[in-house]
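Biologist: I'm new to this one, and I'd like to learn how to read it piece by piece. Could you walk me through it?

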Amino acid sequence: MKKLSIILGLALVTQACIKEDRFGLSSRKDILSFEVTGQAGATTIDADSLVVTVPVDASFGVRSVAPSAITLSNMASITPGIGDTLDFSNPQTYLVTAEDGSEVNWTVILKRQGPEVQLPNSDFN
């Protein structure tokens, strides 16, 4: 009986020492949020077409812009990163790499917004 207990104990100890990732590495490579200092509204993220649209004022200088915040899927990375200055006069491509090494290109567009038209108040007469 004592030998059986020792054998079971050793089996449990060796089993606990085996490193195995039962879930695998994450393949998620989504941009969840993208912000630019001075943006003029909420960012629109289209995960199906891999396009991020950031609204900015018509007077906003788009030739030298660095994102102030980017949120990605867990364990993903992005290139270029936060603080890297790009010329957004044309759409820019960001490469997002998942934990498992798979990659996808996202297109980021800074869209200039015209001034919002304020309708005159009515006196309801």
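Modeller: Take Ser-33: leaving aside neighbours within four places in sequence, Ser-33 is in contact with Ile-45, Ala-69, Ile-70 and Thr-71. This is a predicted model, where local features need pLDDT of at least 70, side-chain atom pairs count only at pLDDT 80 or more, and totals for chains, interfaces and linings use all residues. Residues are numbered from 1 along each chain as its sequence is written, and side-chain values use heavy atoms, with hydrogens and water left out.

Biologist: What is the mean pLDDT of the protein, and where is confidence lowest?

Modeller: pLDDT is the predictor's confidence in each residue, from 0 to 100. The mean for the protein is 85, and 74% of the residues reach 70 or more. Confidence is lowest in H1, at a mean of 58, and highest in S6, at 98. Where pLDDT is low, the predicted coordinates should not be read in detail.

Biologist: Which strands form the open sheet, and in what order?

Modeller: Two strands pair if DSSP finds at least two bridges between them. The open sheet has five strands in the order S2-S3-S7-S6-S5, with mixed pairing. S2 and S5 (77-79) stand at the edges with a single partner strand each, so one side of each has no neighbour in the sheet.

Biologist: And how does S3 pair with S2 and with S7?

Modeller: S2 (residues 44-46) and S3 (residues 51-57) run antiparallel, joined by three bridges. Ile-45 stands opposite Val-52, while Asp-46 has Val-51 as its bridge partner. The two strands form a hairpin with four residues between them, and Leu-50 in the turn has a positive phi of about 60°. With S7 (residues 103-113), S3 pairs in the parallel sense over seven bridges; there, Val-56 stands opposite Arg-112.

Biologist: How many aromatic pairs are found in the whole structure?

Modeller: Rings of Phe, Tyr and Trp (its six-membered ring) pair if their centres lie within 6.5 Å; planes under 30 degrees apart count as stacked, over 60 as edge-to-face and the rest as tilted. The search finds one pair: Phe-34 and Tyr-94, edge-to-face, 5.4 Å centre to centre with 80° between the planes. Phe-34 lies in S1 and Tyr-94 in S6 (residues 92-97), so the pair ties together parts 60 residues apart in sequence.

Biologist: Are Phe-34 and Tyr-94 buried or exposed?

Modeller: Buried means under 20% relative accessible area, exposed over 50%, partly exposed in between (1.4 Å probe, protein chains only). Phe-34 is buried at 1%, and Tyr-94 is buried at 0%. Of the protein's 125 residues, 26% count as buried.

Notes. Contact = heavy atoms within 4.5 Å.
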